[in-house]
Amino acid sequence: MPASVLQTTSSSPASESAERPQLSELEFLDTCVAEAVGPGATARPGQAQLAAAIAAALAGRAHTIGKAPTGVGKSMPGLGIPAYRAAMFGERSVVSTQSLTLQDQYLNKDWPAIQRAASKHLGAELKAASLKGANNYIDPRRMAHTAAVILDDPGVSFAHLSALADTIPRLKKAKAEDYRARLEKAFGSHVDAVAVKKLLIWAIGKQLDFDAPGDRQSCDIVHSDREWFAVAAMSAEAVGDSDKWGFETKAQEAKVRASEADIVIVHHVLLAIQAAKGLNIVIGNATIGRIDHLIIDEAHTLPSAVRDQGASTFSGASFRRVENAIAGVIDRTDRGFRAWANDGEDLAQATEQALSRFTGKRLTDLDHPLGVLEESIEGWIEQGKSFLPSGRGAKNPATMIAQGRADAAIAAVLDALASTGEHRVGQARWVESPAAAEGERKSWTSIAASPVYVGGMLRRQLWLRELAEIGDESVKEEHLTELPPLDAELDPEPRLMVRLGVAAMSATMSPHFGFEAKLDSPVIAYDSPFTEQYAASCLHVPAASTPELMAELTDSPYGKPRLSLLKHVSWARAHALRMVQANGGRALLLTAKSKDGKDLAEFLRARLSVAVYSQWDGEAVPVITAKWKADETSVLVGTKSLMTGVDAPGETCSLVWIDRPPRKPTNPVDDARVESLIEQNFSRFDAIRMVYVSDAALELEQAVGRLIRGMRDGGLAVICDPRLAKGTPISYSELDRQTYMNPFAKFGVRFAGIDRAEAYLHYRRQLVRAAA
């Protein structure tokens with residue numbers, strides 16, 4: 001889009017400032033890039049194209065979907081264009097990312113350059129703020145409880161800031177051998193007592209510092225999840241707005257900062273909860289205030305995040321969870337409580353018997369496995385609630401935490417019962433075979449439910465927001481739409497909604513994403529800055545090209561040969577060994593199944609002289625990947641969690657080897673997605689391809705994308721699945737094969753023969769050594 005189309009009007013705030021030249025969005029983007037990279041730097045072609053599309057979408061309160069390959073630099077237009085709208089029109093935006101790490105990168109690495117550019121060239125002093133789930137922030141109630149345990153002083157209270165400061169000297173004197181047993185009793189035998197004390201002193205210091213975020217990502221103390229939750233609380237247990245406290249918690253401070261920001265940076269979990277639960281956590285939140293636009297990075301993961309947050313299960317184990325949570329608040333030996341608990345055991349057994357008749361079945365609107373039991377279960381839960389104190393005025397931190405845990409457990413079980421108990425449009429329900437719940441010795445049959453087609457949820461909760469009486473006076477009539485009520489009997493009036501400008505972008509994107517997310521835009525592919533790097537690199541997909549290899553890899557249970565996954569695992573290990581040896585290590589190896597990855601790592605360790613790391617080595621994944629990056633000749637083995645977010649520059653990752661596309665086994669949720677598409681007049685074959693094949697193809701594309709992350713990267717990508725080769729008896733159907741392979745047309749050379757791939761790696765190593 002030419003810059004002239006994107007000029008702002010003379011009525012904008014910046015145009016009224018003293019003699020500052022008016023900039024278009026794309027001109028402003030160039031100033032942001034120059035601030036980030038250096039004087040004279042300008043936006044890359046793909047970056048500018050993406051920025052123009054985002055600018056048009058936000059200006060028209062419309063939608064755009066961008067497939068922007070790695071290296072395009074999505075963060076600059078993703079933050080820069082909303083910043084421009086904030087400076088020129090006072091509009092506020094939410095930017096959402098897939099991970100907490102990327103969220104912090106947006107705020108701390110990318111935003112400062114854009115903020116400087118807005119100040120210099122638009123005369124606007126803009127603010128951005130990060131907002132995370134409450135469990136990512138320190139929690140004073142949990143901190144007080146841990147301090148009481150360490151100091152063996154139940155009178156410790158953090159109701160006022162002075163009480164926090166007074167505790168630090170006492171904590172510093174505490175010796176681990178004196179409090180270790182008490183900590184292990186409170187938090188489990190695997191807790192690191194020394195790390196907990198360090199975390200607690202750090203957390204108190206951050207609570208006393210108003211400018212400190214007090215979140216986990218800003219903590220440089222090595223710790224595990226178990227130790228973190230000695231100073232933080234699960235979201236449902238955290239100090240809330242209704243709690244009486246002498247100061248604002250860090251989670252509350254973060255909300256205040258978000259309310260004052262022009263750009264609010266969140267991660268997908270918050271948006272997914274809002275869409276799945278119908279809660280105004282971000283968009284439409286009264287504290288955060290009016291939001292005009294939504295930018296979503298790694299957008300392809302948002303629908304599955306909504307399905308995850310909307311999923312729920314109910315089983316006999318649910319009764320024990322409620323019982324244990326209430327027992328944490330009251331005296332377990334109380335006669336009335338024991339009688340109630342015994343009734344719960346009886347109901348749990350009755351629930352097991354009722355559900356076992358439906359094991360393995362997808363449920364329809366005619367199926368009600370629990371039947372009349374539902375009323376008895378609800379009555380039992382209500383009776384359990386009567387054991388809890390009527391008020392919430394407890395001063396003891398441990399009691400307050402236990403009360404919060406009980407409230408959360410009861411709410412979760414009631415929600416699961418409601419979600420699974422009856423059929424709902426757009427939801428899949430099924431009964432799963434017995435499995436032991438966490439902390440349970442007995443295996444329980446469970447009823448589960450999950451949303452399937454989440455486009456409607458995304459549209460109602462995120463792409464639109466309700467018209468506000470204050471703050472929306474300038475909203476144009478063409479940006480309004482009426483939304484039919486969800487339940488015409490309970491709420492017959494349609495709601496007047498404001499359309500948000502929405503930009504969804506990702507390096508990998510299904511062509512069907514707009515349909516799945518209910519966005520009114522096609523997927524637009526943008527230019528990659530790594531075209532030359534891909535053209536100089538190679539792709540190897542081995543073909544079962546000889547009768548001997550066909551026999552080695554296949555079986556023929558129905559007369560027609562098919563790939564034997566058991567035979568393929570053994571053959572693929574030997575193939576991986578040849579490739580890694582030819583490359584002198586320097587490899588990332590990825591498997592579709594964890595067991596295959598663990599076995600591959602041990603197989604290579606027994607045969608290679610270079611270091612072999614794996615994601616199952618017992619350390620945090622960032623620690624393991626850091627070791628791999630630090631040793632150029634080493635090998636890293638992993639599965640789906642390493643198919644995204646792993647970057648190693650230069651030769652360290654010059655070989656990416658993948659055993660096969662990570663296609664999920666058939667499951668009720670994806671089967672229901674298939675059936676939903678069939679109901680919308682797609683053929684079964686097309687529906688399966690749009691769900692199972694497309695999901696696996698996206699992950700495969702991300703995995704192969706680990707090879708080239710910068711201008712100096714290159715090498716060989718291997719997809720060790722002969723079914724991807726064309727025209728063999730075991731090949732995938734041509735449409736499925738094309739779905740998997742189309743993204744890899746950018747590779748300059750392809751090898752089907754193993755010997756040629758091996759020779760290429762040997763030759764490439766010689767060239768690299770000669771150039772060194």
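Predicted model: local features only at pLDDT ≥ 70, side-chain atom pairs only at ≥ 80, totals over all residues.
Hi everyone. Residues are numbered from 1 along each chain as its sequence is written, and side-chain values use heavy atoms, with hydrogens and water left out.

Helices (H or I, at least four residues) and strands (E, at least two) are DSSP runs, numbered from the N terminus.

Let's start with the seven-stranded sheet. The sheet is open, its strands follow the order S3-S4-S2-S5-S12-S1-S13, and the pairing is parallel; two strands pair if DSSP finds at least two bridges between them. At the edges stand strand S3 (128-130) and strand S13 (523-525), each with a single partner strand, so one side of each has no neighbour in the sheet. On average, neighbouring strands here are turned by 20 degrees against each other, direction ignored. For angles like these, axes are lines fitted to C-alpha atoms, for helices over the stretch in contact, and angles run from 0 to 180 degrees between N-to-C directions.

Look at one pair in that sheet. Strand S1 (residues 63-67) runs parallel to strand S12 (residues 501-506), and five bridges join them. Opposite His 63 you will find Val 502 of S12.

Now, which strands does helix H11 touch as it packs on the sheet? Helix H11 (residues 268-277) touches strand S2 (93-97), strand S4 (263-267) and strand S5 (293-297), and its direction makes about 85 degrees with that of S4. Touching here means contact, that is, heavy atoms within 4.5 Å.

H11 has a helical partner too. Helix H12 (residues 302-310) packs against H11 at an angle of about 60 degrees, with the axes 8 Å apart. That makes the pair oblique, since angles under 35 degrees count as roughly parallel, over 145 as roughly antiparallel, 65 to 115 as roughly perpendicular and the rest as oblique. The crossing of H11 and H12 is right-handed, meaning that the near helix is turned clockwise from the far one by less than a right angle. Among the residues that meet there are Leu 271 and Ile 273 from H11, and Leu 302 and Val 306 from H12.

Follow the chain into the loop between H11 and S5, and you come to Asn 285. Is Asn 285 buried or exposed? At 10% relative accessibility, Asn 285 counts as buried; buried means under 20% relative accessible area, exposed over 50%, and partly exposed in between (1.4 Å probe, protein chains only). The Asn 285 side chain reaches the backbone oxygen of Ile 281 at 3.5 Å. Leaving aside residues up to four places away in sequence, Asn 285 touches Lys 255 and Asn 280.

Two arginines are worth a stop. Arg 61 is not a glycine, yet has a positive phi of about 50 degrees. Arg 61 sits in the loop between helix H2 (45-59) and S1, and counts as buried at 7% relative accessibility. Arg 586 also has a positive phi, of about 55 degrees, without being a glycine. Its place is the loop between helix H21 (565-582) and strand S17 (587-590), and Arg 586 counts as buried at 12%.

Next, helix H13. Eight of the eleven residues of H13 (residues 317-327) are buried, so the helix is largely enclosed by the rest of the structure. Phe 319, Val 322 and Ile 326 are among those buried residues. Their cover includes strand S6 (312-315), helix H14 (335-356) and helix H16 (397-421).

Last, the three-stranded sheet. This open sheet has the order S9-S11-S10 with antiparallel pairing. Strand S9 (464-466) and strand S10 (480-483) form the edges, each with a single partner strand, so one side of each is left without a neighbour in the sheet. Here neighbouring strands are turned by 45 degrees on average, direction ignored. Four bridges join S10 to strand S11 (residues 495-499), and Leu 483 has Arg 495 as its bridge partner in S11. Helix H17 (residues 455-463) lies across S9, S10 and S11, at about 50 degrees to S9.

Notes
Polar contact = N/O pair within 3.5 Å; in protein donor to acceptor, adjacent residues only side chain to side chain.
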